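User: I'd like to go through the side-chain links in this one. Can you take my questions as they come?
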Amino acid sequence: AGSTNRLSDDRLKSEAAGALGLSPGELALLNRRTEGTNTFYAVKARDGKEYNCIINGGNLLSFGMTNPPSCKRKGS
């Protein structure tokens with residue numbers, strides 16, 4: 001499923017921004033990895049705070065659909 005993942009870096013930032021109440025331009029994508037239908041990724045906000053996020057979907061098995069991501073601040 002990882003090879004069929006259709007989530008772009010911009011889409012991941014946009015999804016995380018929505019979950020965090022920020023604009024996508026305030027976030028930088030630090031890393032990403034896909035396991036099955038889940039994509040795990042980290043973003044860093046302009047204020048220096050880093051968040052770990054997980055989003056389900058975005059591949060052929062889910063027809064490109066996603067669930068809203070879950071993001072938690074690192075270290076909290």
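User: Which side chain does Arg11 meet in a salt bridge?

Analyst: Arg11 meets the side chain of Glu15, with 3.1 Å from N to O. A salt bridge here is a side-chain nitrogen of Lys or Arg within 4 Å of a carboxyl oxygen of Asp or Glu. This is a predicted model, where local features need pLDDT of at least 70 and side-chain atom pairs count only at pLDDT 80 or more, while totals for chains, interfaces and linings use all residues. Residues are numbered from 1 along each chain as its sequence is written, and side-chain values use heavy atoms, with hydrogens and water left out.

User: How are Arg11 and Glu15 placed in helix H1?

Analyst: They are four residues apart in helix H1 (residues 9-20), so about one helical turn separates them. Helices (H or I, at least four residues) and strands (E, at least two) are DSSP runs, numbered from the N terminus.

User: How many salt bridges turn up in the whole structure?

Analyst: The search finds five. Among them is the pair Arg33 and Glu35, at 2.4 Å from N to O. Arg33 is partly exposed at 43%, and Glu35 is partly exposed at 46%.

User: And what does Lys49 pair with?

Analyst: Lys49 forms a salt bridge with Asp47, and their closest N and O atoms are 3.7 Å apart. Lys49 is partly exposed, with a relative accessible area of 30%, whereas Asp47 is exposed at 52%.

User: Switching topic. How many disulfides does the search find?

Analyst: One, over the whole structure. Cys53 and Cys71 form it, with sulfur atoms 2.1 Å apart; the cut-off for a disulfide is a pair of cysteine sulfur atoms within 2.5 Å.

User: Which parts does that pair tie together?

Analyst: Cys53 lies in strand E3 (residues 50-56) and Cys71 in strand E4 (residues 70-73), so the link joins parts that are 18 residues apart in sequence.

User: Is the link of Cys53 and Cys71 right-handed or left-handed?

Analyst: Right-handed, with 110° about the S-S bond.

User: Are the two cysteines buried or exposed?

Analyst: Cys53 is buried, with a relative accessible area of 4%. Cys71 also counts as buried, at 19% relative accessibility.

Methods:
Buried means under 20% relative accessible area, exposed over 50%, partly exposed in between (1.4 Å probe, protein chains only).
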